[in-house]
Number of protein chains: 2
Amino acid sequence: MTSIGIVSPQVMHFKEPLPLQGGTSLADYSLTYETYGKLNADRTNAVLVCHALNASHHVAGYYLTDKGEKSIGWWDNMVGPGKPLDTDKFFVIGVNNLGSCFGSTGPMHVNPATGKPYGASFPVVTVEDWVDAQARLADALGIEQFAAVMGGSLGGMQALAWSLRYPRRLRHCVVIASTPKLSAQNIAFNDVARQAILTDPDFHGGDFYAHGVVPKRGLRVARMIGHITYLSDDDMAEKFGRDLRDGKYQFGFGIDFEIESYLRYQGDKFSEYFDANTYLLITKALDYFDPAREFGGDLARTLAGTEAQFLLVSFTTDWRFSPVRSREMVQALVNNKRRVSYAEIDAPHGHDAFLLEDARYLRTVRTYYDRVWQEIAAGDAA
Amino acid sequence: MTSIGIVSPQVMHFKEPLPLQGGTSLADYSLTYETYGKLNADRTNAVLVCHALNASHHVAGYYLTDKGEKSIGWWDNMVGPGKPLDTDKFFVIGVNNLGSCFGSTGPMHVNPATGKPYGASFPVVTVEDWVDAQARLADALGIEQFAAVMGGSLGGMQALAWSLRYPRRLRHCVVIASTPKLSAQNIAFNDVARQAILTDPDFHGGDFYAHGVVPKRGLRVARMIGHITYLSDDDMAEKFGRDLRDGKYQFGFGIDFEIESYLRYQGDKFSEYFDANTYLLITKALDYFDPAREFGGDLARTLAGTEAQFLLVSFTTDWRFSPVRSREMVQALVNNKRRVSYAEIDAPHGHDAFLLEDARYLRTVRTYYDRVWQEIAAGDAA
């Protein structure tokens, strides 16, 4: 397996307003995206990869930074030549979602209506809004139907939303470490993180750009909370346990334990590059996702409108979106007689497992895409 | 069962310096405590109740507030006439720990060496330090041996520490919803909470008293995080689920979900009355507790020095200090041929279950104290 090598993002501008679930619309926006591999003549080999909370369109390959270091895509172990999602066969698209701070139109950008950064006035966007924007990008790229739409965590919600909003525009739906809706506990963690940001004096009601400051304290705490939920208790015990950084208790409020050092480092790093308004928006999109809501909570009825085939994957130690949530979707799909494959991977790494090397997991996805490819090669995809 | 009725705290002043685990000592301090019931002539019926994070010496009975409202003790369902720990039989002592903000000497009090509030200079105290201070109170009250030392959560750690530091000073050790040490995940949650406080601009390095402010934002976030860990996922789902406060999504960052409303309310309330320095101190005491540390992590060797009989109770949905942690202690005690009773209560309320009404739980404790009382009545306790 070789890497894709150096990749470059592209930008597509859209003039037609995008109606949003919240009742408003986004007048004018851009989507930043990357593509890997080649679209075949029949346009049947395109796969859309949707990103999760702090990721972006930069799925695979690498950029060279100013210092000459490689900035590698977040799913480079999954996507590339000879990799489970093989870019020698598939034309893969990674797209940055609206509201992000990594390229597509978001709170840091200038609102054409006011000439100032959107800040807190950027509309609250939903998973469905993102999917609608992605569909317009697909239109612009001439892709009528994806071979697959795929994502992990919040990305998996987007894949699921595709199967519901555009049932004929994807042949396969790959939903990894995801859930059909957040639990009260999930929402609780998101809200504490938001409160840390919203009450940081440097947040300035979301218009901190104008004040030349960043609500780093809030972002840092938000990220630390999030990080705890991405790792499993076991994995944390294994990696850090009660290890002391300096071999003994300090009897102060600096760093005693390695886990403290790790989390603070993660929080510090995150607060240097992530936008606070984006964090708020993305956690809201997570909280709001609940396609069964308009079907009285009946997930089977909700999924009756899907036409895709499904692959779902969950991880045993994921306590954020546990296997129970995936099984619920599998059951609802089976009730609708959809063709569905499901793998529950025994992995120690909690929610983060979906981003990590795990032979059984990657083999599962590879095998699935082999089948998708056979359909395409046999010309069954049209 | 009747209530104890109106109770009053008492204060005991100590002139002899208390040596601390951190290497310093506390020169001059007071302990605030309450007692219920009567000490018998043989002084064999005393029970010490140790408190957890945000509780105090006010275990049972009530105070009348300025508004004429009852402020009821935190374990009033457990302690009182005819209750599981029956104050018609036992002489029960609740004592506020050093570093608290509810009476005993803490960061809000004046440091006699400087004439200013201790603030951040209050020494980091440990579970063992608390137990040493409690032992001096027992000395002053003329109690050589407790019928039992009892506590839940952090209170259970104190009971366990009693059995190790003063093995002959308690006949029974009652450890509820506790653990012999925090896990990396437990420490992680504590550290995020501390970081929220330490980075609140109103914290002023712990000397906020002099600035006439309180780091409410940090305390509020700390409490919200803590609260999530006290409730079970199931219980939160049951009580709040995805219920919306106003029946529809607001598409903003106010309150959408009932769980948000609940947690923010809890955080607001807590930040009105709890001291930030106390919060830091108590979470550190939790993190540092690890009696097996000096025995190379061998809990059985650690507990070899105990002489008490034990009751341990855990709750199935407690994910903060899960039943596994209690079973570990039970196994280590059994390995030492200690007499130990253990109940794993199937309760939906997570860690908080130890404070709540649960017939099987309260009956378990009642039955245990019936046995303790029979020993006393038979004169076997001397």
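A residue counts as buried under 20% relative accessible area, as exposed over 50%, and as partly exposed in between. A:Ala304 has a relative accessibility of 37%, so this residue counts as partly exposed. The model described here is predicted.

**Confidence and the two copies**

The mean pLDDT of chain A is 96, and 99% of the residues of chain A reach 70 or more. For the complex, the predictor gives an ipTM of 0.96 and a pTM of 0.96.

| Residue | Relative accessibility | Class |
|---|---|---|
| A:Ser104 | 0% | buried |
| A:Thr283 | 0% | buried |
| A:Ala304 | 37% | partly exposed |

A:Ala304 sits in the loop that runs between α8 (299-303) and β15 (309-315) of chain A. Residues up to four places away in sequence aside, A:Ala304 touches A:Asn336 and A:Arg338. Between A:Ala304 and A:Ile376 there are 72 residues of separation in sequence, and their C-alpha atoms are 25 Å apart in space.

A:Ser104 also belongs to a loop, the one between β10 (91-95) and β11 (110-111) of chain A. Its relative accessibility is 0%, so A:Ser104 counts as buried. A polar atom of the A:Ser104 side chain lies 2.8 Å from the backbone nitrogen of A:Thr32. A:Thr32 is also among the residues that A:Ser104 touches beyond four places in sequence.

A:Thr283 is part of helix α7 (residues 276-288) of chain A. With a relative accessible area of 0%, A:Thr283 is buried. When neighbours within four places in sequence are left aside, A:Thr283 is in contact with A:Asn190 and A:Arg194.

**Helix α7 in chain B**

In chain B, helix α7 (residues 276-288) has 13 residues. From first C-alpha to last, the helix reaches 19 Å, close to the 18 Å expected at 1.5 Å a residue. α7(B) is mostly covered, with 13 of its 13 residues buried. At the start of α7(B), a side-chain oxygen of B:Asp275 comes to within 3.1 Å of the backbone nitrogen of B:Asn277.

**Strand β10 in chain B**

Strand β10 (residues 91-95) of chain B is mostly covered as well: five of its five residues are buried. In a regular strand, side chains alternate between the two faces of the sheet. In β10(B), B:Phe91, B:Ile93 and B:Val95 point one way, while B:Val92 and B:Gly94 point the other way. All of these residues are buried.

Which strands pair with β10(B), and in what sense? Strand β4 (residues 29-36) of chain B pairs with β10(B) in the antiparallel sense, over four bridges. Here B:Tyr33 stands opposite B:Val95. Strand β5 (residues 46-50) of chain B pairs with β10(B) in the parallel sense, also over four bridges. B:Leu48 has B:Ile93 of β10(B) as its bridge partner. The two residues of β10(B) named in these pairings, B:Val95 and B:Ile93, point one way from the strand together with B:Phe91.

Note on methods: Residues numbered from 1 in each chain as written. Chains lettered and ligands numbered in written order. Predicted model: local features only at pLDDT ≥ 70, side-chain atom pairs only at ≥ 80, totals over all residues. Heavy atoms only, no water. pLDDT = per-residue confidence, 0-100. Expected span 1.5 Å × (residues − 1). Buried < 20%, exposed > 50% of the residue type's maximum accessible area, 1.4 Å probe, protein only. Polar contact = N/O pair within 3.5 Å; in protein donor to acceptor, adjacent residues only side chain to side chain. Pairing = 2+ DSSP bridges. Contact = heavy atoms within 4.5 Å.
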